[in-house]
Amino acid sequence: MLRNVLLAAFAMLFIGCTSNVIVTTPKKLPAVYEDVNETHQQKNSVTIALFRLENYTDTPRAGMRASNILEGILKAKGYKVVSYVNDKTYSLKKAAKKAKDDNAKYFIYGGVSEWRYKTGIDGEPAVSIQVSLYKTKNKKLVWSATGSDSDWGNGSIGTTAQDLLMEMVER
């Protein structure tokens with residue numbers, strides 16, 4: 001009995017040291033793969049123009065870093081990505097025009113509001129990211145997700161951000 005209580009307390013302590021909060025719109029990202037029947041999937045061509053996420057942190061290039069991770073995740077999931085990660089940040093209006101010029105059906109726009117290691121003994125990584133997908137034709141919001149995550153002191157910002165972005169994209 002005492003052993004079970006100690007294991008439960010340890011599990012609560014373990015779970016309590018990391019936190020993750022994600023809020024998304026009801027709709028998901030457009031599907032790349034659709035089931036045609038039970039044995040076959042059809043791949044849709046979904047082109048997304050990805051713009052550098054705005055950096056609202058004190059960490060230099062945090063928006064570029066998060067955008068680069070997001071680009072890799074989208075490509076791994078089968079999306080065609082037109083990348084503007086190395087460009088300056090665009091206004092929403094200019095991003096929509098640029099995406100239209102490149103015939104991208106959608107474009108991604110957003111920001112990074114936290115990208116740091118917390119102060120203290122362990123220096124835990126903490127990230128907060130907001131990403132929105134707009135339809136290029138009319139700048140209508142299709143999908144949006146906002147997430148924050150932190151990890152143990154032995155975790156890195158890169159792995160914490162990648163885990164967060166992967167979870168955001170899958171919701």
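Trainee: How many bridges join E4 to E7?

Mentor: E4 and E7 run parallel, and Ala49 stands opposite Phe107 in E7. Strands (E, at least two residues) and helices (H or I, at least four residues) are DSSP runs numbered from the N terminus, and two strands pair if DSSP finds at least two bridges between them. For E4 and E7, the number of bridges is three.

Trainee: What kind of model is this?

Mentor: Residues are numbered from 1 along each chain as its sequence is written, and side-chain values use heavy atoms, with hydrogens and water left out. Local features need pLDDT of at least 70, side-chain atom pairs count only at pLDDT 80 or more, and totals for chains, interfaces and linings use all residues; the model is predicted.

Trainee: Which residue in E8 is the bridge partner of Val112?

Mentor: E5 and E7 run parallel, with two bridges, and Val112 in E7 is the bridge partner of Asn55. E7 is also joined to E8, antiparallel, by eleven bridges. There the partner of Val112 is Ile129.

Trainee: How far apart are the end C-alpha atoms of helix H4?

Mentor: The expected span of a helix is 1.5 Å times one less than its number of residues. H4 covers residues 157-170, which is 14 residues, so it should span 20 Å. The model agrees, with the end C-alpha atoms apart by 20 Å.

Trainee: Which residues of H4 are buried, and what arc do they cover around the axis?

Mentor: Buried means under 20% relative accessible area, exposed over 50%, and partly exposed in between (1.4 Å probe, protein chains only). The buried residues of H4 are Ile157, Thr160, Ala161, Leu164, Leu165, Met168 and Val169. They lie on the same side of H4 because the arc, taken from the directions from the helix axis to the C-beta atoms, is only 160°.

Trainee: Which residues touch the most other members of the largest nonpolar core?

Mentor: A nonpolar core is a set of buried Ala, Val, Leu, Ile, Met, Phe, Trp, Tyr and Cys residues joined through side-chain atoms within 4.5 Å. The largest has 34 residues, and H2 gives the most to this core, with seven. The residues that touch the most other members are Trp115, Ile129 and Val131.

Trainee: How is the pair of Phe51 and Tyr90 classed?

Mentor: Rings of Phe, Tyr and Trp (its six-membered ring) pair if their centres lie within 6.5 Å; planes under 30 degrees apart count as stacked, over 60 as edge-to-face and the rest as tilted. Phe51 in E4 and Tyr90 in the loop between E6 and H3 are 39 residues apart. Their centres are 5.2 Å apart and their planes are at 70°, so the pair is edge-to-face.

Trainee: How is the pair of Phe107 and Tyr134 classed?

Mentor: Phe107 is buried at a relative accessible area of 0%, and Tyr134 counts as buried at 15%. Phe107 lies in E7 and Tyr134 in E8, so the pair ties together parts 27 residues apart in sequence. With centres 5.3 Å apart and planes at 20°, the pair is stacked.
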